[in-house]
Amino acid sequence: MSDFILMTDNTADLPVSFYQENDIPVMSLTYTLEGTTYDQDNSLPMKEFYQKMREGAMPVTSQINPQTAQEMFRKIAEQGKDILCLSFSSGLSGTYNSCVLAAQMLMDEGLPVRITVIDSLCASTGMGLLLYKANQMKKAGASLQETADWIEQHKLNVVHVFTVDDLNHLYRGGRVSKTAAIVGTMISIKPVLHVDNQGKLEVIGKVHGRKKSLKTLVDLMEEKMGSWRDQNDIFMMCQGDVEDDARLVADMVRERFGIQQEVISYTGPVIGCHTGAGVVGLFFMGDQR
């Protein structure tokens, strides 16, 4: 086992058991809903969170600040452990910059440890997939540098494709126009999005109807896997309280590509604040995003 600590933040949207079983510390972006601020240790049950969103609640999120990151880094550094921190995409949050600043402040104090912060350029379980791969390397004995190099080399091979059920949250986030949100909702237009090479959300298609949008995710997987087709031994999914839809997509993936290992998890509240209930995301390795 390599002698460094792999850590991340709560936008990786993996089950809590994964972090616990692999001793991965998790920093927490927060969200505020109806006047109360929540973090990963004090959060609404996911069904309740998404029900409130369906009823019209409009939560807002906050990035990790340098002080919070510094406190968490210090606890680990004082144990004499080097740190490899995988951070939420800089294209969607200032969290990466806060972590870089926090690491530099600690290094300037002369602590005899190495702190490496990587901008994942990923979101939700896409970042979770990258973290999973990094953790596999660590368990196999890879060094911090070897693991960091692999992440930097392959992070843009993590493909994110997802669809949402309600365009209004994307309108609030500036991803579609108000007219598109109103008209699209009326005529059941379902956008298909991805995370681009700058780590930002981008609409890459619009289809009529929910079932077609879910099938489109699998069609995009076929299109984008390329030379990774035989290397994908696992795929991951996130869902905004629509588990049946996610399992429908997972069934299609297994049937079409024969990949048997999967992770299906809730889209966490930090990401869910911006996607709304009904999001379904599919994440896998491919030649290009």
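Is isoleucine 64 buried or exposed? In this predicted model, isoleucine 64 is buried, because its relative accessible area is 1%, and buried means under 20%.

**View 1. Isoleucine 64 in its loop.** Isoleucine 64 sits in a loop. Strand β5 (60–62) is on one side of this loop in the chain, and helix α3 (66–77) is on the other.

**View 2. Contacts of isoleucine 64.** Neighbours within four places in sequence are left aside here. Isoleucine 64 then touches Asp9, Met27, Ser28, Leu29, Ala69, Thr95 and Ser98.

**View 3. Isoleucine 64 and serine 213.** These two residues are 149 residues apart along the chain. Their C-alpha atoms are separated by 33 Å.

View 4. The protein has eleven helices and 13 strands. Its radius of gyration is 19 Å, close to the 19 Å from the globule rule for 289 residues, so the protein is as compact as a globular protein of that length. Along the principal axes, the C-alpha atoms fill a box of roughly 60 × 50 × 30 Å.

View 5. Of the 289 residues, 55% are buried. Among contacts with a separation of 6 or more, 76% join residues 24 or more positions apart.

**View 6. Surface and charges.** The protein exposes about 12600 Å². Carbon and sulfur atoms supply 48% of that area. There are 27 positive and 36 negative charges.

Terms used. Residues are numbered from 1 along each chain as its sequence is written. This is a predicted model: local features need pLDDT of at least 70, side-chain atom pairs count only at pLDDT 80 or more; totals for chains, interfaces and linings use all residues. Side-chain values use heavy atoms; hydrogens and water are left out. Helices (H or I, at least four residues) and strands (E, at least two) are DSSP runs, numbered from the N terminus. The radius of gyration is taken over C-alpha atoms; the globule rule is 2.2 Å times the number of residues to the power 0.38. Buried means under 20% relative accessible area, exposed over 50%, partly exposed in between (1.4 Å probe, protein chains only). Contact means heavy atoms within 4.5 Å. Accessible areas come from the Shrake-Rupley method with a 1.4 Å probe; for residues, only the protein chains shown count as cover. Lys and Arg count as positive and Asp and Glu as negative; His and the chain ends are not counted. The place of a charge is taken as NZ of Lys, CZ of Arg, CG of Asp or CD of Glu.
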